[in-house]
Amino acid sequence: MQKEDLDFFRKWFFEYVNQFSSPDLFIKENIELKIEHTGRVCENILLLAKSEKISENACMLAETIALFHDLGRFEQFMKYKTFKDSESENHAFLSVKILNKEKVLSRLSKEEKGLILKSIECHNMMEIPQSIEKHSKLYFFCRLIRDADKIDILRLASEEYSEENRSLNPALELYLPDTGGYSEPIVSEILNNRMAKIADMKNRNDVKLLRLSWVFDINFPATYSLLREYGYLETIMSSLPEIKETSLLRRHFENYLSSINS
C-alpha cells in the first residue's frame, strides 16, 4: 500500500458521505456524528499502532480500516433511522458490501484487501472468531480497530452523560426507555468479567453498563492508558443511578481496572 492509495481512500470517503447530506436536522446531526467519529477512530488507531511500533505501511493499512469501518452506518441511518443493527442490518457487513460493490479497494493487493475487509467485518462482533487468532497479522488489526472504535464511543458517551439536563440523542441510546434499575443478565455478565450483550439491554442504564463492560475486551496497554488519561470510564460510572447494585458494579470495575494497572 502506498501513500497515494490512502489519499485516494480519504478523498473517496468524503465524496461518498456527502451524498447523505440532508435538510432534516436529526438526520444531519447523526450523519455528521458518524463522519466525526470516523475521523477520531482514525486518530485513535494511529496512536495505538504507533505505540506498537509497527511499520509505516501497517499504519496506513490501520488507518484505512478505521476510515471504512463504519461506512455502512450512513446508508443504515438514512434507510432505517437507527444505528441499532438488530432493527436494521449489520453495519459492518453493510460496510464490506459497499466497499466490494464500489470496488474501492481494487487498487490494493489481494492480501491487503482481504485484511481490511475482514477486520471491518469483525470490528463489531461480540468476540473475534477463534479461526482468526491463527492469523497473527489479521488478528492484530482486528484487535486494533476494536480498541480504537471503543475509545471514541466511550468518549462520545462520557460527553453526553457529563452535561446535566442535556437531551440525549435517542439514536445513540438505541431508542431505549429511561427507566430505573438494570437488566439482571447484564449485571451478571459484568460480575463475571464478560462483555454485556446488546440483546439483554432493557433501558438506558443498561446502555451505560454495556459500554463500561467493554473494559473486558481491551487489547492494548495504550488503550487503557488513553482511557485513564481521558477519564471516560469514570464519567460514565458517575452518571449511573445511586442504587444498591451501582455500588457493587462500581467497585467491581474499579478492582478490575486496578488489577490491570498493577
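Start at the largest pocket, which holds about 910 Å³ of space. A pocket here is an open set of points on a 1 Å grid over the protein atoms alone, where a 1.4 Å probe fits, with protein on both sides within 12 Å along at least five of seven lines. Grid points are joined across faces, edges and corners, and the volume is the space filled by probe spheres set on them.

The model is predicted: local features need pLDDT of at least 70, side-chain atom pairs count only at pLDDT 80 or more, and totals for chains, interfaces and linings use all residues. Residues are numbered from 1 along each chain as its sequence is written, and side-chain values use heavy atoms, with hydrogens and water left out.

**Stop 1**

Select Arg73, Asn124, Ile198, Leu210 and Trp214. Of the 41 lining residues, these are the closest to the centre of the largest pocket; a lining residue has an atom within 4 Å of a point. Now colour α2 (25–51), α5 (91–102), α8 (136–162) and α10 (204–212), the elements that give two or more residues to this lining. Helices are DSSP runs (H or I, at least four residues), numbered from the N terminus. Which element gives the largest share of the lining? Select α8: it supplies 10 residues.

The lining has 21 nonpolar, six polar and 14 charged residues. Nonpolar covers Ala, Val, Leu, Ile, Met, Phe, Trp, Tyr, Cys and Pro; charged covers Asp, Glu, Lys and Arg; the others, Gly among them, are polar. Then colour by domain. Domain 1 (3–153) and domain 2 (174–260) each give at least three residues to the lining. Those bounds come from an automatic or database domain assignment.

**Stop 2: aromatic pairs**

Show the aromatic side chains. The structure holds 15 aromatic pairs. Rings of Phe, Tyr and Trp (its six-membered ring) pair if their centres lie within 6.5 Å; planes under 30 degrees apart are stacked, over 60 edge-to-face, and the rest tilted.

Select Trp12 and Phe68. Their ring centres are 5.9 Å apart and their planes stand at 80°, so this pair is edge-to-face. It links distant parts of the chain: Trp12 is in helix α1 (residues 3–18) and Phe68 in helix α3 (residues 56–68), 56 residues apart. Trp12 and Phe68 are both buried. Buried means under 20% relative accessible area, exposed over 50%, and partly exposed in between (1.4 Å probe, protein chains only).

Next, select Phe13 and Phe74. With centres 6.1 Å apart and planes at 70°, the pair is edge-to-face. This pair also links distant parts of the chain, from Phe13 in helix α1 to Phe74 in helix α4 (residues 72–80), 61 residues apart. Phe13 is buried at 1% relative accessibility. Phe74 is buried at 1% as well.

Together they form one aromatic cluster.

**Stop 3: charges over rings**

The charged end of Arg107 sits over the Phe8 ring, 4.4 Å from its centre. Move to Lys34 and Phe83. Here the charged end of Lys34 sits over the Phe83 ring, 4.9 Å from its centre. The test is NZ of Lys or CZ of Arg within 6 Å of the ring centre and within 35 degrees of the ring normal.

**Stop 4: positive phi**

Select Lys53, in the loop between α2 and α3. Its phi is near 55°, a positive value in a residue other than glycine. Is Lys53 buried or exposed? Lys53 counts as exposed, at 73% relative accessibility.

Go on to Lys81, in the loop between α4 and α5. Phi of Lys81 is near 60°, again positive in a residue other than glycine. Lys81 is partly exposed, with a relative accessible area of 34%.

**Stop 5**

Select Gly72, in helix α4. Gly72 is buried, at 0% relative accessible area. Draw a distance to Ser106: the two C-alpha atoms are separated by 18 Å, and the residues by 34 positions along the chain.

Asp149 is in helix α8. It counts as buried at 8% relative accessibility.

Finish at Ile218, in the loop between α10 and α11 (221–230). Ile218 is buried, with a relative accessible area of 12%. Its C-alpha atom is 14 Å from that of Ile190, 28 residues apart along the chain.
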